[in-house]
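Please keep the structure open while reading.

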Amino acid sequence: DEKYNEAYFSYYPNVWRHGDFIQITERGGVIVYGRSDATLNPGGVRIGTSEIYRIVESLDEVKDSIVVGLDKDNDIEIILFVVLNQNLSIDDKIISDIKNKIKTELTPRHVPKFIFQINEVPITISGKKVELAVLKAIKGEEIKNISALANPDSLEQFKNLIGRKIL
């Protein structure tokens, strides 16, 4: 029960907190918007991370990706991390191709401020990308429930970004 209680009852003692954004309507209905760690909001535009994944991971060069929103100057900067195929290394052309495809197929607001190459995307044991854990690693914050990750060592690659140009 320890993991269960930590995941759902540690934020508000004895009150369930699932982690989804919801709105309770005037008539008592509930609108579920989705996971709080999977929504970006640059310039007031709500962006689901899956929108970006769908576009980026359709590129031949990209094997996998993870995206986070970093608070910066009262706004959100989108930071994209990509795992590239076939021993490719990130370069200006790949970055340009990614940004152009996102801008063309989505909107300019979806385009990441920075794109970095990583070795692997951190995931839970059930295969879910863990945007919140990546964001916490970048910021140097404590990452709770690390035992739920299939590859916890993958978070180390994000800790190296502390103090670089994105923060």
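Gln86 counts as exposed because its relative accessibility is 72%. The residue belongs to a model that is predicted, and it sits in the loop between β6 and α3. The protein chain has five helices and seven strands, and their order along the sequence is α-β-β-β-β-α-β-β-α-β-α-α. Of its 167 residues, 35% count as buried.

**The loop between β6 and α3**

- Gln86 is not a glycine, yet its phi is positive, at about 45°.
- Asn87 is found in the loop between β6 and α3 as well, and this residue too has a positive phi without being a glycine, here of about 55°.
- Most residues other than glycine have a negative phi.
- With a relative accessibility of 78%, Asn87 counts as exposed.

- β5 and β6 run antiparallel and are joined by ten bridges.
- Two of the residue pairs can be named: Gly69 has Ile78 of β6 as its bridge partner, and Val68 has Ile79 of β6.
- The hairpin of β5 and β6 has two residues between the strands, and Asp73 takes a positive phi near 50° there.
- β6 and β7 run parallel, with four bridges between them.
- Ile79 stands opposite Phe114 in β7, while its bridge partner Val68 was named above.
- β6 is mostly covered, since nine of its ten residues are buried.

**Helix α3**

- α3 spans residues 92–105, which makes 14 residues. From its first C-alpha to its last it reaches 20 Å, close to the 20 Å expected at 1.5 Å a residue.
- Which residues of α3 are buried? They are Ile94, Ile98 and Ile102.
- These three lie on the same side of α3 because they cover an arc of only 65° around the axis.
- An α-helix has 3.6 residues a turn, so residues three or four places apart point the same way.
- The cover over the buried residues of α3 includes α2 (49–56), β5 (62–72), β6 (75–84) and β7 (114–117).
- Asp92, Lys93 and Thr104, on the other side of α3, are exposed.
- The N-terminal end of α3 is capped by Asp91, which has a side-chain oxygen 3.2 Å from the backbone nitrogen of Lys93.

**The largest nonpolar core**

- This core has 39 residues, and those with the most contacts inside it are Ile52, Leu80, Phe81, Ile98 and Phe158.
- At least two residues of the core come from each of α2, β5, β6, α3, β7 and α4.
- β6 gives the largest share, seven residues.
- Leaving aside neighbours within four places in sequence, Phe81 is in contact with Asp64, Ser65, Ile66, Val68, Phe116, Ile118, Val134, Ile138, Phe158 and Leu161.
- Ile138, one of those contacts of Phe81, is found in helix α4.
- Ile138 is buried, because its relative accessible area is 1%, under the 20% cut-off.
- Ile138 and Gln157 are 19 residues apart in sequence, and their C-alpha atoms are 9.0 Å apart in space.
- Among contacts in the protein chain between residues at least 6 apart in sequence, 53% join residues at least 24 apart.

**Lys129**

- Lys129 is in the loop between β7 and α4 (131–139).
- Is Lys129 buried or exposed? Lys129 counts as buried, because its relative accessibility is 16% and the cut-off for burial is 20%.
- Its side chain makes a polar contact of 2.5 Å with the side chain of Glu57.
- A polar atom of the Lys129 side chain also lies 2.5 Å from the backbone oxygen of Ser65.
- Not counting residues up to four places away in sequence, Lys129 touches Tyr53, Glu57, Asp64, Ser65, Ile66, Val121, Pro122 and Ile123.
- Asp64, Ser65 and Ile66 are among the residues touched by Lys129 and among those in contact with Phe81.

Notes:
Residues numbered from 1 in each chain as written. Predicted model: local features only at pLDDT ≥ 70, side-chain atom pairs only at ≥ 80, totals over all residues. Heavy atoms only, no water. Expected span 1.5 Å × (residues − 1). Buried < 20%, exposed > 50% of the residue type's maximum accessible area, 1.4 Å probe, protein only. Arc of directions from axis to C-beta. Contact = heavy atoms within 4.5 Å. Polar contact = N/O pair within 3.5 Å; in protein donor to acceptor, adjacent residues only side chain to side chain. Core = buried A, V, L, I, M, F, W, Y, C linked by side-chain atoms within 4.5 Å. Pairing = 2+ DSSP bridges.
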